[in-house]
Amino acid sequence: MKELILTIVKPLVDYPDEVSINLEESDRSITYKLSVHPEDMGKVIGKQGRVAKAIRTVVYAASGSKQQKKVFLEIVE
């Protein structure tokens, strides 16, 4: 799943080397925490959050049937 997120996000940003994903897993959920360079934050979020919503939709669809846990994607500063 990390590779999928990186494949989507890296072409969007000006600093692809500073894109990182941390994984937090609990009993019921998996949370991917995406962090990017501060100047790229707006590109990843998009106008009114449309890009972030699209990324989340793809991630949720790709992981939906594979895992029994809920999957979340957070964009952190």
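The following legends accompany close-up views of a predicted model.

**View 1. The three-stranded sheet.**
Strands β1, β2 and β3 form an open sheet, arranged in the order β1-β2-β3, with mixed pairing. The edge positions are taken by β1 (20-25) and β3 (70-76); each has a single partner strand, so one side of each is left without a neighbour in the sheet. On average, and with direction ignored, neighbouring strands of this sheet are turned by 20° against each other.

**View 2. The hairpin of β1 and β2.**
Strands β1 and β2 make up a hairpin, with three residues between them. The two strands run antiparallel and are joined by six bridges. Within this pairing, L23 has Y32 of β2 as its bridge partner. A salt bridge is also formed between the side chains of E24 and K33, with an N to O distance of 3.8 Å. E24 is partly exposed, at a relative accessible area of 42%, and K33 is likewise classed as partly exposed, at 21%. A network of salt bridges links E24, K33 and E74.

**View 3. The parallel pairing of β2 and β3.**
Strand β2 (residues 29-35) pairs with β3 in the parallel sense, over seven bridges. Two bridge partners in β3 may be located here: V71 is the partner of I30, and I75 is the partner of L34. Of the seven residues of β2, six are buried, so this strand is largely enclosed by the rest of the structure.

**View 4. The largest nonpolar core.**
The largest nonpolar core comprises 15 residues, and those with the most contacts inside it are I5, V9, Y32, L34, V36, V44 and L73. At least two core residues come from each of α1 (2-9), β2, α2 (41-45), α3 (50-63) and β3. Strand β2 gives the most to this core, with three residues.

**View 5. The surroundings of V44.**
Which residues are in contact with V44, leaving aside its neighbours within four places in sequence? The contacts are V9, V13, L34, V36, V51, A52, I55 and I75. Among them, V9, L34 and V36 are listed with V44 as residues having the most contacts inside the largest nonpolar core. L34 is also the residue whose bridge partner in β3 is I75.

**View 6. The salt bridge between D14 and K43.**
The side chains of D14 and K43 meet in a salt bridge, at 2.3 Å from N to O. D14 lies in the loop between α1 and β1, whereas K43 belongs to helix α2, so the pair ties together parts that are 29 residues apart in sequence. D14 counts as exposed, at 52% relative accessibility, while K43 is partly exposed, with a relative accessible area of 34%. In the whole model the count comes to four salt bridges.

**View 7. The salt bridge between K69 and E25.**
A salt bridge of 2.7 Å, N to O, is formed by the side chains of K69 and E25. This pair links distant parts of the chain, with K69 in the loop between α3 and β3 and E25 in strand β1, 44 residues apart. K69 counts as partly exposed, at 27% relative accessibility; E25 is exposed, with a relative accessible area of 51%.

**View 8. A buried acidic residue, D40.**
Residue D40 is placed in the loop between β2 and α2. D40 is buried yet has no salt bridge, and the nearest side chain of opposite charge, that of K43, is 4.2 Å away. K43 does form a salt bridge with D14. With neighbours within four places in sequence left aside, D40 is in contact with V13, D14 and Y15.

**View 9. The backbone at Q48.**
Residue Q48 is found in the loop between α2 and α3. Its phi is near 55°, a positive value in a residue other than glycine. Q48 is exposed, with a relative accessible area of 74%.

Terms used:
Residues numbered from 1 in each chain as written. Predicted model: local features only at pLDDT ≥ 70, side-chain atom pairs only at ≥ 80, totals over all residues. Heavy atoms only, no water. Pairing = 2+ DSSP bridges. Helix = DSSP H or I, 4+ residues; strand = E, 2+ residues; numbered from the N terminus. Axes fitted to C-alpha atoms, helices over the stretch in contact; angles between N-to-C directions. Core = buried A, V, L, I, M, F, W, Y, C linked by side-chain atoms within 4.5 Å. Buried < 20%, exposed > 50% of the residue type's maximum accessible area, 1.4 Å probe, protein only. Contact = heavy atoms within 4.5 Å. Lys, Arg positive; Asp, Glu negative; His and termini not counted.
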